[in-house]
Amino acid sequence: MKQALLRLLVLRKLGYKGSRAAKKRILFNLILITLVVSALVFAQVFVVSMSRGIADKYALLGNGHLQIHEGSMLAVPEKEGVLDIQLVAQSYALIYSPEGNKMVRLKGVEAEYFNDLRTSQITLQEGIPKESTTLEQVLLSTTLARELQVGIGDRVALMLVGESGIRPQFCVVGNLYDSGYQELDANLAFCDYDLIHRLFKGSEETYYELLVEPERIESLKQDYKVEGYTVTSWDEENFTIATNLNTSRQAVLGVMVAVAMLCGYFISELSRELVEDDKHQIAMLTLLGARHSLVRSVYFYTVMMVTVLSILGGTLLGILMSSNLSPILSMVADRSIPSLSYYLLEFNVVYPLGDILFIVLVLLLVSVLSVQFSLRRVKRIEPLSCTHFD
Amino acid sequence: MMKSTEVLTLEQVSKSFPATLRGGEPIQILEGVTLSLNRSTSIAITGRSGSGKSTLLQVSAGLLSADSGSIRFEGKEIPKLDDEHLSRLRSRSMGFIFQSSLLLDDFTALENVQISAMIAGFSEKEASRKALEMLELVGMQDRLSHTSDQLSGGERQRVAIARALVNEPSLIFADEPTGSLDERNAALVEDLLFSLVAEREVALMLITHNLPFAKRCNTVYQLHNRIVEVRS
């Protein structure tokens, strides 16, 4: 019986058969909360997708998901979940062009290194054929080439520090790549695996780079460790970057949660406004014998219906906006806006359902608490006060 | 089971209000008021404006607390009832009619009466049936789906009477129910109120300064100088 009464009163508060003003107020709040939630969801999807995109660049081009540091001394067994194993040599060198110089990380890799997984992360230009020059070729990023003011086919010198002093090694820029993340590109150059050995004569670091299924990184790392290998993961090799990405993600989540809390508080303002405007009706209902708990329930369910509908709508809208993010970002990336140069603008969109759920739950929880708190005022409305409106 | 005949009893009831917000001597409104009201009887309280007639009604209905004295409604001490019991009593045993009809704005005439029955615990269907029946009795069957702002003053007051009677209460508290109506409508509402009260064996406490209206009650009290006395 009380449920039927509750349903009747809640529907009327929601604007069903209600006045135009009541409908407008509910609609205004519904739209406002939906927009806030959609912005929260969109921002979270954007930040998480971008940081995962950056992590992927570091894992696929920088160090691989896992590194086994026995060099070429041992053969690394393949395991389920391992997608690719490459022997890599690396060192640091100063790279010179007539216009500039830069300290870079030089990676010596085999021809098979740039498989489909890695080429999916970069854009490669039309390079020069290997046999077109007797000089060794290096693969530079477009960012680095811009800094050094060189292009494909231009000469650069690698300054190598050895026991006999510093000596230059002339090379030609064989091709240019672009991973889309200039922070990584600016310091990473590739050359042949054999060239590194010849140039550095054993002072280089040699290790195996493993690409694995992302969800199996930890288990495979443990498996290799158990077998006696010295294994590190990409986040250990790039500790600062991994920590920064993680901290940024958590900080943004924190900000989103704070905004969700503010939004929850705003929702309680809706209940305050409804009660304030309906004082006469509330007094009337209590005069007719309705208990304060029933009246509170009416306003609580009304506001929570608006909240839940807004959250659902906002989440869907946020996801919908995120799903159309890639073409917009590609367009922005193509414009090479300098202020965005240190942001990754091309990445796959991932939906952090856990984070979204967390934000939504915080918003719901804060709304429930603040609305309940705000509805204490219902008890202060005396039945007699309806006669004051005569 | 037969319902007890005694509906309302006031014994030595006093009520005062603080003089100003800053305190000072309280203003005494009622002093040692004693009266009783049985089922199927009606009393009218008359007096000058500001004499405390409405306060007496509000204290009797538990809408205001008394400073001292005893107020029993169907044998229950009203000041001792908690919110739940007082709400139940208001919904099932009391009916209210005020000068202004005080209908719920966004609701139709039918819904206004139906909600009162639903608050009293009737199912939606039963409440609707009872509301329809009551609105037919007050001649409002053609205005069921009209909202408050689509009804005239007299029509709103007839809906208020239907709402006050829908739960078959023991007592109707009516505070100047015809005060804002023209002569024709006032006479219509008066007739309706007395015929329904008599037909349904309900007690009536009527507050009015309209003497001919008051004289239709079984007993007429005069509130003068804080004291209630039977008007001769």
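Q: How many residues of domain 1 of chain A are in contact with domain 2?
A: Seven residues of domain 1 touch four residues of domain 2 in chain A. Keep in mind that this is a predicted model.

Q: Which residues have the most contacts inside the largest nonpolar core?
A: Those would be Ala189(A), Val113(B), Ala162(B) and Leu171(B), in a core of 168 residues. Helix α2 (residues 20-63) of chain A gives the largest share of this core, with 18 residues. The core also takes at least three residues from each of domain 1 and domain 2 of chain A.

Q: I'm curious about Leu171(B). What is it in contact with, leaving aside neighbours within four places in sequence?
A: Quite a list! Leu171(B) touches Val7(B), Leu8(B), Leu37(B), Ser93(B), Met94(B), Val202(B), Ala203(B) and Met205(B). Leu171(B) also falls in strand β7 (residues 171-175) of chain B.

Q: What does β7(B) pair with, parallel or antiparallel?
A: Strand β7(B) runs parallel to β6(B), and four bridges join them. One of the residue pairs to look at is Gly95(B), whose bridge partner in β7(B) is Ile172(B).

Q: Which strands form the open sheet of four in chain B?
A: That one has the order β2-β1-β4-β5, and its pairing is antiparallel. Its edge strands are β2 (27-38) and β5 (76-77) of chain B. Further in, β1 (residues 6-17) and β4 (residues 68-73) pair over five bridges. Within that pairing, Ser14(B) has Ser68(B) as its bridge partner in β4(B).

Q: Remind me, what holds the strands of a sheet together in pairs?
A: Backbone hydrogen bonds do that, in either a parallel or an antiparallel arrangement.

Q: Zooming out, how many helices and strands does chain B have?
A: Chain B has seven helices and 10 strands. Its radius of gyration is 18 Å, close to the 17 Å from the globule rule for 232 residues, so chain B is as compact as a globular protein of that length. Along the principal axes, its C-alpha atoms fill a box of roughly 50 × 40 × 40 Å.

Q: What share of chain B is buried?
A: Buried residues are 48% of the 232 in chain B. As for contacts with a separation of 6 or more, 70% of them in chain B link residues 24 or more positions apart.

Q: Now the interface: how many residues of chain B are in contact with chain A?
A: 25 residues of chain B touch 20 residues of chain A. On the chain B side, the elements giving two or more residues are α2 (83-93) and α3 (109-119). The largest share, six residues, comes from α2(B).

Q: Back to chain A. Is Tyr181(A) buried or exposed, and why?
A: Tyr181(A) is buried, because 26 other C-beta atoms lie within 10 Å and the cut-off for buried is 20 or more. This tyrosine sits in the loop between β7 (165-178) and α5 (182-185) of chain A. Beyond its neighbours within four places in sequence, Tyr181(A) is in contact with Ile54(A), Lys57(A) and Leu344(A).

Q: And what about Asp84(A), how does it count?
A: Asp84(A) counts as partly exposed, with 18 C-beta neighbours inside 10 Å. You'll find Asp84(A) in strand β2 (residues 82-97) of chain A. Setting aside neighbours within four places in sequence, Asp84(A) is in contact with Asn115(A), Leu117(A) and Leu211(A).

Q: How far is Asp84(A) from Gly64(A)?
A: Their C-alpha atoms are separated by 9.2 Å, and the two residues are 20 apart along the chain.

Terms used. Residues are numbered from 1 along each chain as its sequence is written. Chains are lettered from A and ligands numbered from 1 in the order in which they are written. This is a predicted model: local features need pLDDT of at least 70, side-chain atom pairs count only at pLDDT 80 or more; totals for chains, interfaces and linings use all residues. The radius of gyration is taken over C-alpha atoms; the globule rule is 2.2 Å times the number of residues to the power 0.38. A residue is buried if 20 or more other C-beta atoms lie within 10 Å of its own, exposed if 12 or fewer, and partly exposed in between; C-beta atoms are placed from the backbone. Two residues are in contact if their C-beta atoms, placed from the backbone, lie within 7 Å. Two strands pair if DSSP finds at least two bridges between them. A nonpolar core is a set of buried Ala, Val, Leu, Ile, Met, Phe, Trp, Tyr and Cys residues joined through C-beta atoms within 7 Å. Domain bounds come from an automatic or database domain assignment.
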